[in-house]
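Here is a friendly set of exercises to work through with the model open beside you. Try each task before reading its solution.

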Amino acid sequence: MDIDFNEYKLRCELRGHDDDVRGICVCSDENIATSSRDRTIRVWSLDPSDKRKYTSSKILLGHTSFVGPLAWIQPTDDYPEGRLISGSMDTFVFVWNLINGENIQTLKGHQMQVTGVTLDNEDIVSSSVDQTLKRWRNGQLVESWEAHQSPVQAVIKLPSGELVSGSSDASLKLWKGKTSLRTLSGHTDTVRGLAVMPDLGFLSASHDGSIRLWALSGEVLLEMVGHTSIVYSVDAHSSGLIVSGSEDRHAKIWKDGVCVQSLEHPGCVWDAKFLESGDIVTACSDGVVRVWTVRQGVIADQMEIDAYDSQISEYKLSRKKVGGLKLDELPGLDSLTSPGTSDGQTKVVREGDNGVAYAWNMKEQRWDKIGEVVDGPDGVADRPIFDGVQYDFVFDVDIGDGEPIRKLPYNRSDNPYDAADKWLLKENLPFAYRQQIVEFILQNSGQKDFNFNPSFRDPFTGANAYVPGQPSHTAATSAKPLYKHIPKKGVLVFDVAQYDGILKKMTEFNTTLRSDSANSDKSLTELEVSRVGAIITILKDTSHYHSTNFADMDIALLLKVLQAWPPTMMFPATDIVRMLVLHPHGASLLIKHVENNNDLLLDLIKKVTEDSALPANLLTTVRVLVNLFKNSSFHYWLQTHRSQILDAFSNCYASPNKNLQLAYSTLLLNYAVLLIEKKDQEGQAQVLSAALQVAEEEAADVDSKFRSLVAIGSLMLEGLVKKIAIDFDVESIAKSAKASKEAKIAEVGADIDLVIRQ
């Protein structure tokens, strides 16, 4: 179908999702499926009473985290409306029956977020942050291979039969089955989106802001540059038109490599797809799906178009910046009642919807109006403003100790020592911070070759500036950003126990077993019950841990309970093991039962996570694992079995039990600390993915969310996964955290935001 390019206009808006719309699947011109951060998939069908519009016909529920990639399987006799494939951050691929909206297959095998799904004949192929591509046939995993050394962000099937994958390593790979035919290089950042370009090759969208058209030979046929931020998606129409969606809030339409139109949105455009008719569907971070058309008969009425234009204007106004600050953050006219400090000093204030500059007239002792301040492109100012005054820099300084972030304004023409001294005086801070602040200024203003003026005199002592231990022109080396809660150093443990209650419960359960003829052989003798009491006595006496010991029979006794007692009765013994691993000698005895072929802990994990998993068993077992991090002799075991452990307890973050949520988040935090130390990138990526799930869980307990955010921030700051986190929208998680009413959540959100910007 050939389409002469005409300007696209709004056709309709599809409202129903509660959060970002992340993915689009075009089943036909009459049916569209969309995925969302709200964990749902919606199917939209053409409204029979109004051919311009679509209505929500089905909501597909089942994923436990945000849903991303979608693909459609065409109708068969068994499935007359076809099937839908979805991938999610919960690591699962689901297949849905579109007749009734039921999940008919759950494909479990990926260790981390599923980023792409495509059909290869009858097979499903999926890509993931775990760096693999997996092939599924009839609901079963039949092939898996490591496709890249970094997260795989997208996968598509070409008409010629090959698969193409795109990765955070900035490359694309062409596959014939599991065999890599060639690696395509050229992008300078993550390859995020892929699409078939009919009769020519395939398209790639990248975080580097560009779109490329590739031939099968690996030759770049075309490069399209025009977006000002990350390009998340790209799609092509048989007419030759291309559409792309970007963080810059625009869906751009390209013809012959030239951008012919930009469709502005009130938020990030996560995805954009063509309908067969040539209409375009866009998915936006404001939770709205929009359809755009060039066909006169289905364009929205003027009232709807005006309402959308008004929405865009309001959005832009709400984000309008003057001098790098939001308009509503500028001081009002009443700030002009305060006199200036020097002749010609400028101040920018808000007047209505504009920022207006004034200059201080020292002779007349008044503020003279200069005129309206106009920002550069996209609201980015050349110079930031603080208290209405323009500066070359306005730094955020975190002095710790629970104090709020302080703003430090600075101009390149200022003497850094003078600026530091005046700032410390204004903020009522000790002058012991002086050198640290000077180094911070030099580092962050790029003045590595600052030459000190020997005529400078300290404004408070009259003496020359003193720079301890080094010449004043030496480049700053310690001017690092100051964070409130990251990186996390050391591990956390659960070291408080209600010993009397534990012993009472074990005795009660033992009496029950003894009176049950079918289970009496599993009960403890009076002597064994007495020995449990002796174990608890040793554990209570923490001040003598250095000199007390356990007998081998003590460990054997606990093992007997964990292995033989019914699951409903084992949690008190597990709680004793939790405390035992904090005792040096107890830990050394226990590890013997971990390092042999009969691994006590793996058996315990398997037993407590079976189908009838009980919250009490999950809680005590996760706490055991958390406490293992305290003893370095368990670190190798924890690292080796990391994937098994995190997979086994992966659903704990969504438990209604707040204590279990907290234990699971603490497990993730301790793993983050360990894997940063071990420089284990694969492990760090899995922990990051799990922590992101907790951070996005609306019902998560405050302390659980806080610990997961600390894990995320620490992994980004000192680990090897900052790029992966940014690829998966950690910025929106940080933004949400910063807006929290809980102080510590807001603080760690600010920490993560600062890491992103470094």
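**Exercise 1: The second largest pocket**

The lining of the second largest pocket comprises 27 nonpolar, 13 polar and 8 charged residues, where Ala, Val, Leu, Ile, Met, Phe, Trp, Tyr, Cys and Pro count as nonpolar, Asp, Glu, Lys and Arg as charged, and the others, Gly among them, as polar. Before going on, note that this is a predicted model: local features need pLDDT of at least 70, side-chain atom pairs count only at pLDDT 80 or more, and totals for chains, interfaces and linings use all residues. Residues are numbered from 1 along each chain as its sequence is written, and side-chain values use heavy atoms, with hydrogens and water left out.

Task: describe the volume of the second largest pocket and the elements that line it.

Solution.
- Step 1. Begin with the term: on a 1 Å grid over the protein atoms alone, a pocket is an open set of points with protein on both sides within 12 Å along at least five of seven lines, a cavity is a set where a 1.4 Å probe fits but cannot get out, and lining residues have an atom within 4 Å of a point.
- Step 2. The second largest pocket holds about 1600 Å³ of space, a volume being the space filled by probe spheres set on the points, which are joined across faces, edges and corners.
- Step 3. It is lined by 48 residues, of which Ile24, Leu70, Ile156, Asp235 and Lys273 are the closest to its centre.
- Step 4. Two or more lining residues come from each of β2 (21–26), β6 (67–73), β10 (114–120), β14 (152–157), β18 (191–197), β22 (231–236) and β26 (269–274). Strands (E, at least two residues) and helices (H or I, at least four) are DSSP runs, numbered from the N terminus.
- Step 5. β10 gives the largest share, 6 residues.

**Exercise 2: The largest cavity**

Task: find which helix gives the most residues to the lining of the largest cavity.

Solution.
- Step 1. Searching the whole structure turns up 3 cavities of 30 Å³ or more, and the largest cavity contains about 40 Å³ of space.
- Step 2. Its lining is made of Met89, Met112, Gln113, Val129, Ala685, Leu688, Ser689, Leu692, Ile724 and Phe728.
- Step 3. Helix α14 (residues 681–696) gives the most, with 4 residues.
- Step 4. Sorted by class, the lining has 8 nonpolar, 2 polar and no charged residues.

**Exercise 3: α15 against α18**

Task: are α15 and α18 roughly parallel or antiparallel?

Solution.
- Step 1. Helix α15 (residues 702–718) packs on helix α18 (residues 743–757) at about 20°, with the axes 9 Å apart. Axes are lines fitted to C-alpha atoms, for helices over the stretch in contact, and angles run from 0 to 180 degrees between N-to-C directions.
- Step 2. Angles under 35 degrees count as roughly parallel, over 145 as roughly antiparallel, 65 to 115 as roughly perpendicular and the rest as oblique. The pair α15 and α18 is therefore roughly parallel.
- Step 3. Their crossing is left-handed, meaning that the near helix is turned anticlockwise from the far one by less than a right angle; clockwise would be right-handed.
- Step 4. The residues in contact (heavy atoms within 4.5 Å) include Phe706 and Leu709 of α15 and Val748 and Ile752 of α18.
- Step 5. By class, this contact has 12 nonpolar, 1 polar and 3 charged residues.

**Exercise 4: α4 and its partner α5**

Task: what is the handedness of the crossing of α4 and α5?

Solution.
- Step 1. α4 and helix α5 (residues 526–540) pack at about 165°, their axes 11 Å apart, and are therefore roughly antiparallel.
- Step 2. The crossing of α4 and α5 is right-handed.
- Step 3. Among the residues that meet are Leu503 and Met506 in α4 and Val529 and Ile536 in α5.
- Step 4. The contact of α4 with α5 divides into 8 nonpolar, 3 polar and 4 charged residues.
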